[in-house]
Amino acid sequence: MKYMTLNNGVKMPQFGLGTFLVESGEIAYETVKYALEIGYRHIDTAQMYKNEASIGQAIKDSGIQRKDLWITTKQARHMNLVHMEKAFLESLDKLQTDYVDLYLIHWPNHDEEINAATWAYFEKLYHEGKCRAIGISNFQIHMIDDLLKHAHVVPMVNQVELHPGLSQEPLKKYLDKMQIAIESYGPLMKGGVFMDRYADVLAPIAKAHDKSIAQIVIAWGLQRGIIMIPKSITPQRIKENYEAQDIKLSADEMTQINALNRGNRVYTDPDNSPWGAYID
Ligand SMILES: NC(=O)c1ccc[n+]([C@@H]2O[C@H](COP(=O)([O-])OP(=O)(O)OC[C@H]3O[C@@H](n4cnc5c(N)ncnc54)[C@H](OP(=O)(O)O)[C@@H]3O)[C@@H](O)[C@H]2O)c1
């Protein structure tokens with residue numbers, strides 16, 4: 001398992017399990033339990049995924065010591081302080097832990113002041129030791145610039161849509177400069193990497209390594225220094241994705257995959273998102 005050293009010195013596993021659309025109950029429980037059994041130590045969830053309680057139970061039953069695990073969760077909305085506190089305590093309770101390793105603002109608000117107020121609350125949690133690291137998700141460069149005008153703590157991570165069709169090179173350069181780690185979501189492009197022009201490039205590379213296209217995409221992200229959290233509820237794929245950590249791509253293969261970028265989003269554009277309303 002490789003680790004990223006975040007800007008506060010904390011070491012975060014560079015590879016983990018995504019759990020968006022992993023149904024709460026038996027599916028989430030069994031998925032996480034299996035992943036932990038085969039070596040995953042980093043689980044990415046969110047208040048919005050409604051599966052924190054099943055994940056918390058799977059973690060507890062795994063018998064793995066809390067200090068050996070990385071748990072990321074996300075604050076669903078920018079709410080008033082009372083609601084933010086309530087949401088955070090609910091996440092801790094469901095995850096059966098007294099701290100999270102990484103807490104993210106799930107979506108930016110279009111109002112800079114609201115993002116600043118939310119971040120101030122995150123900073124408070126960080127200083128109280130309730131989060132080992134705090135970060136943001138879906139923040140564009142201009143949104144980070146705005147946030148940094150108010151912030152006392154520079155976010156440690158920005159989790160964004162990132163895959164061969166949207167390589168996020170300009171954002172990555174900016175984040176590298178700011179010492180903010182970049183984390184990919186949607187690495188498989190909602191299945192897009194298995195089709196058309198993506199498959200034309202990725203399938204021969206996969207064949208040359210005797211690996212799958214999914215594994216090549218994960219290896220490409222890891223090799224770029226990106227935190228990768230592919231999601232699967234299928235045991236064979238959970239294992240396959242885990243094993244992608246051992247793949248080494250050549251410079252030429254990296255260049256070929258980098259060239260697939262077309263700024264092609266399959267998730268919501270943060271500049272036009274309908275989320276982030278201020279709720280009393
Ligand atoms: N911050 C945000 O706003 C945000 C947004 C979206 C996602 N995320 C996070 O990022 C994680 C990953 O993103 P994602 O869930 O959108 O997409 P993803 O990991 O790109 O893809 C998941 C899909 O690919 C399939 N799959 C997984 N491994 C495969 C393999 N080896 N071969 C073939 N198919 C495979 C899964 O099927 P099965 O499950 O049926 O096996 C599932 O349908 C999420 O789970 C979540 O934790 C964050």
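First, the ground rules. The model is predicted: local features need pLDDT of at least 70, side-chain atom pairs count only at pLDDT 80 or more, and totals for chains, interfaces and linings use all residues. Residues are numbered from 1 along each chain as its sequence is written, and side-chain values use heavy atoms, with hydrogens and water left out.

Start with α1 and α2. Helix α1 covers residues 26-38 and helix α2 covers residues 52-62. Helices here are DSSP runs (H or I, at least four residues), numbered from the N terminus. The two pack at about 35°, with axes 8 Å apart. Axes are lines fitted to C-alpha atoms over the stretch in contact, and angles run from 0 to 180 degrees between N-to-C directions. The crossing of α1 past α2 is right-handed, meaning the near helix is turned clockwise from the far one by less than a right angle. Who touches whom? On α1, the contact uses Ala28, Tyr29, Val32, Lys33 and Leu36. On α2, it uses Ser54, Ile55, Gln57, Ala58, Ile59, Asp61 and Ser62. Contact means heavy atoms within 4.5 Å. By class, that is seven nonpolar, three polar and two charged residues. Ala, Val, Leu, Ile, Met, Phe, Trp, Tyr, Cys and Pro count as nonpolar, Asp, Glu, Lys and Arg as charged, and the others, Gly among them, as polar.

Next, α3 (residues 81-95) and α4 (residues 112-127). Their angle is about 45°, and their axes are 11 Å apart. From α3, Leu81, Met84, Glu85 and Phe88 meet Ala117, Thr118, Tyr121, Lys124 and Leu125 of α4. Six of the contact residues are nonpolar, one is polar and two are charged.

Ile141, Ile144, Asp145 and Leu148 of α5 contact Pro170, Leu171, Tyr174, Leu175 and Met178 of α6. Eight are nonpolar, none polar, one charged.

Finally, the ligand. How many residues surround the ligand? There are 27, and the closest are Leu188, Lys231, Ser232, Thr234 and Tyr267. The cut-off is a heavy atom within 4 Å. Now the polar contacts, pairs of N or O atoms within 3.5 Å. The side chain of serine 232 has an N or O atom 2.6 Å from a ligand oxygen. For arginine 237, a polar side-chain atom lies 2.9 Å from a ligand oxygen. Glutamine 159 places a side-chain N or O atom 2.9 Å from a ligand nitrogen.

Definitions and conventions:
Polar contact = N/O pair within 3.5 Å; in protein donor to acceptor, adjacent residues only side chain to side chain.
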